[in-house]
Amino acid sequence: MTGKRYILALLLVMALAVPGAAAIQGGTLQTDIRCDFPGELIEAGDTAVFDLAVTNRGETGTCLLNFWTFRGTDGWKIRFEAGDREVYRMLIPAGETKTVRLVAETSGHAAVGEYPLRVGIGEGTIWVYVQVTKTHEGEVGTLEATVVDKEGNVVKGADVGLYDGSTRVEGMLTTAEGKVSIGAPMGTYTVNVAKPGYRSWKKEGVEVRIGRTTNLGIVPLEKENFFAEIRVKSPSRMAAIGTNPQYEMTLKNAGRNDDTYALSVEGLPEQWYARFKESRDATEEVSEIYIPAGEEKPLYLDLIPPYSVDVGEYNFTAVIDSSARQYEENLTLRLRGSYTMRTYVKSYRHEINRGDTLTFDMTVSNAGVGGALTRIGINMSAPEGWRANVDPASVASLEPGERATVRVTVVPPADIVAGEYKVVALVKSDQAEGEDEFRIVVKEQSYVAILGLLVMVGVAAGLWYMFRRYGRR
């Protein structure tokens with residue numbers, strides 16, 4: 001008897017479980033499907049929504065929600081929704097009608113045309129249609145955002161990057177208004193917002209659709225407790241040997257707390273000296289500086305090379321230590337020679353007689369520091385009809401402190417009128433040029449004066465003779 005009861009109980013359980021199993025497996029239900037608006041007009045990239053009313057003409061049961069797509073729907077995202085949830089089965093009591101929504105997110109590159117979708121729920125089927133009126137083929141989607149700090153101040157220069165896994169796809173820096181507008185291919189990305197001095201912000205699953213704008217709205221960044229910003233006006237400079245170049249920089253405390261910064265320079269060559277100052281012309285050197293949170297102060301770094309320094313490029317590092325970290329700014333100095341060319345003669349005024357030739361020595365020297373004068377050429381500029389030349393007329397090179405002597409010859413024309421004339425020496429090298437001016441006084445020949453004297457003596461003698469002979473009569 002006990003065995004019979006057990007078998008009967010087992011059969012009862014099995015009988016009760018069969019309808020349930022059929023429902024779970026999505027057995028066939030006698031259903032009708034109705035859609036009041038089975039065709040929708042949209043642009044490519046938009047979403048079409050169809051409200052489906054499903055009536056159960058048979059017994060209570062559950063059924064699968066099915067759809068079939070056809071040509072040109074690659075990249076579409078199609079799903080069933082009930083409220084704000086995505087579903088794939090529905091329970092319909094006998095004789096009742098329940099609604100479910102079919103959502104079709106189209107691709108932005110879908111071509112213009114009609115796309116049929118077939119829906120099957122239970123035994124009922126229905127066709128719905130998506131008519132694409134405009135394609136966005138070849139376009140990109142747009143991601144927009146505005147980055148601010150916790151106080152609501154815009155954050156300029158924050159890097160907004162779109163990542164597919166670990167690969168950066170697109171990105172840009174925020175504008176002075178804290179905004180970005182980034183064009184990107186269709187896809188789902190992780191957006192990362194970062195700026196030195198702030199804690200990074202990240203959001204996953206951000207969808208970008210072709211021809212559409214995804215706006216992240218306000219993105220808040222939180223400042224770090226300790227952080228500094230260093231701006232160097234000209235990190236690479238050129239200066240002449242013999243000068244002390246100066247670098248101008250600004251140190252800003254961009255953290256949330258006040259801080260004190262230690263200042264130093266690393267990588268200086270031997271016998272070089274460096275000093276930080278708080279103003280351009282200050283004589284007092286500073287080794288550390290206190291800056292309240294949010295404020296900034298100017299700094300001036302003087303470099304003092306030794307007198308014997310060579311022409312070339314020198315690299316060193318300004319180091320700023322704070323409570324939390326160390327900051328480094330690489331600086332470059334290119335030293336060039338100072339090119340100064342000078343000429344010298346013993347006298348800049350000469351006197352000659354008409355018909356004579358003038359010769360004198362002229363010295364050319366390199367009075368600069370650190371650089372040679374090369375291809376030095378000397379030309380004379382004289383009045384018309386004069387001849388002026390230099391021997392030698394060129395000098396290959398002069399190292400700093402070296403000099404060369406040349407011979408200048410000046411020949412006035414034979415018929416020149418006595419007077420004062422100007423002759424100019426033009427000296428030019430690859431690095432510098434200059435000129436020197438000479439005055440030349442041309443006098444009459446000395447025998448003319450003697451002849452005049454003889455005439456005067458003759459006249460005087462004649463007068464004396466006439467007086468002696470005829471004077472007493």
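Keep in mind that the model is predicted. The largest nonpolar core has 30 residues, and a second, separate core has 28. The asparagines to look for are Asn56, in strand β3, and Asn253, in strand β21.

**The nonpolar cores**
- In the largest core, the residues touching the most other members are Leu251, Leu301, Leu333 and Leu335.
- Leaving aside neighbours within four places in sequence, Leu335 is in contact with several residues, among them Ala239, Trp272, Val311 and Tyr314.
- Cys35, Val54, Met90 and Val130 are among the residues of the second, separate core.

**Asn56**
- Strand β3 covers residues 47-56, and Asn56 is part of it.
- Asn56 counts as buried because its relative accessibility is 1%, and the cut-off for buried is under 20%.
- A polar atom of the Asn56 side chain sits 2.7 Å from the backbone oxygen of Glu59.
- Beyond its neighbours within four places in sequence, Asn56 has contacts including Leu29, Gln30, Gly61, Pro93 and Glu96.

**Asn253**
- With 0% relative accessibility, Asn253 counts as buried too.
- Its side chain has a polar atom 2.9 Å from the backbone oxygen of Asn257.
- Setting aside neighbours within four places in sequence, Asn253 is in contact with residues including Phe227, Tyr261, Pro292 and Glu295.
- Glu224 is 29 residues away from Asn253 along the chain, and their C-alpha atoms are separated by 11 Å.

Methods:
Residues numbered from 1 in each chain as written. Predicted model: local features only at pLDDT ≥ 70, side-chain atom pairs only at ≥ 80, totals over all residues. Heavy atoms only, no water. Helix = DSSP H or I, 4+ residues; strand = E, 2+ residues; numbered from the N terminus. Buried < 20%, exposed > 50% of the residue type's maximum accessible area, 1.4 Å probe, protein only. Polar contact = N/O pair within 3.5 Å; in protein donor to acceptor, adjacent residues only side chain to side chain. Contact = heavy atoms within 4.5 Å. Core = buried A, V, L, I, M, F, W, Y, C linked by side-chain atoms within 4.5 Å.
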